[in-house]
Amino acid sequence: MRLANMTLDEYARARRVLIRRDPILAPVIRKYHDRSLLDTPPIDPFSALVRTIVSQQLSTKAAATIHRRLIDLMFGGVATPHAINALTDMQLREVGLSRQKTAYLRDLATKAESGELPLDRLATLTDEEVIEAITKVKGLGRWSAEMFLMFRLRRPDILPVDDLGIVNAIHRLYGLRKRPTADRIRRIGEVWRPYRTVACWYLWRSLENTPLDTPKATETRGKVTR
């Protein structure tokens with residue numbers, strides 16, 4: 001299994017392969033030829049997971065506001081396990097975090113500091129090993145781990161079958177009578193291997209209704225764009 005992040009050359013190759021193999025997805029890829037998953041630089045692993053927890057079940061705007069308030073409390077404006085542990089529960093609650101999310105952040109910081117969540121080794125692990133490691137943290141399930149693999153580690157062949165945006169995009173784009181099950185999504189996605197991550201990025205794009213010069217991006221479960 002290839003563990004390195006996708007390069008620009010590989011991403012371009014992925015687009016060519018997907019256009020050739022999937023005539024339904026091909027027009028979407030051509031429409032968004034000037035944008036890609038690689039446009040935004042990835043942030044460090046701990047910061048990425050903090051953002052994931054903060055963003056759960058919130059609108060993009062609300063999540064960004066709370067995250068900014070949280071980061072403003074930290075020395076140097078950088079999320080670290082030590083910085084999280086240095087904050088009181090009251091401080092975390094005052095920025096807008098629920099008790100549950102406060103507990104999730106505490107667990108993330110504890111596991112990162114102890115090494116139970118091996119942040120410095122995640123890039124060397126297989127996809128399933130990364131999922132296993134991340135899902136040991138309270139509040140981080142398989143979907144969160146898959147988003148980490150796609151957007152932080154930029155693994156090329158991830159298919160988040162439980163993502164609402166992917167379900168809706170396939171349902172609409174492929175003209176299905178019923179919303180596709182996870183198994184049907186996997187069957188449809190076989191043609192995209194080994195670039196299912198790239199295919200999913202264009203599936204999310206297919207649900208956009210904003211002009212191309214004002215792209216919208218979210219990474220919150222339940223939203224239909226990323």
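**Labels and their cut-offs**

Tutor: Helix 10 and helix 12 are roughly perpendicular to each other. This is a predicted model, where local features need pLDDT of at least 70 and side-chain atom pairs count only at pLDDT 80 or more, while totals for chains, interfaces and linings use all residues. Residues are numbered from 1 along each chain as its sequence is written, and side-chain values use heavy atoms, without hydrogens and water.

Student: Why are helix 10 and helix 12 called roughly perpendicular?

Tutor: Helix 10 (residues 164-173) and helix 12 (residues 196-205) pack at about 75°, with axes 9 Å apart. Roughly perpendicular covers 65 to 115 degrees; under 35 is roughly parallel, over 145 roughly antiparallel, and the rest oblique. Therefore helix 10 and helix 12 count as roughly perpendicular. The axes are lines fitted to C-alpha atoms, for helices over the stretch in contact, and angles run from 0 to 180 degrees between N-to-C directions. Helices are DSSP runs (H or I, at least four residues), numbered from the N terminus.

Student: Which residues meet between helix 10 and helix 12?

Tutor: G165, I166, A169, I170 and L173 of helix 10 meet C200, L203 and W204 of helix 12. Contact means heavy atoms within 4.5 Å. By class, seven are nonpolar, one is polar and none is charged. Nonpolar means Ala, Val, Leu, Ile, Met, Phe, Trp, Tyr, Cys and Pro; charged means Asp, Glu, Lys and Arg; the others, Gly among them, are polar.

Student: What makes helix 1 roughly perpendicular to helix 12?

Tutor: The axes of helix 1 (residues 8-21) and helix 12 come within 9 Å and cross at roughly 75°. That angle makes helix 1 roughly perpendicular to helix 12. Y11, A14, R15 and L18 of helix 1 touch V198, A199, W201 and Y202 of helix 12. This contact has seven nonpolar residues, no polar and one charged.

Student: Why are helix 3 and helix 9 called oblique?

Tutor: Helix 3 (residues 45-55) and helix 9 (residues 142-152) pack at about 135°, with axes 11 Å apart. Helix 3 and helix 9 are therefore oblique to each other. Their crossing is right-handed. The contact uses P45, A48, L49 and T52 of helix 3, and S144, F148 and R152 of helix 9. Four of these residues are nonpolar, two polar and one charged.

Student: What makes Q57 stand out?

Tutor: Q57 has a positive phi of about 60° although it is not a glycine. Q57 lies in the loop between helix 3 and helix 4 (60-72).

Student: Where is the cis peptide bond?

Tutor: It joins R193 and P194, with omega about 0°. P194 sits in the loop between helix 11 (182-189) and helix 12.

Conventions:
Helix = DSSP H or I, 4+ residues; strand = E, 2+ residues; numbered from the N terminus. Left-handed = near helix turned anticlockwise from the far one by under 90°.
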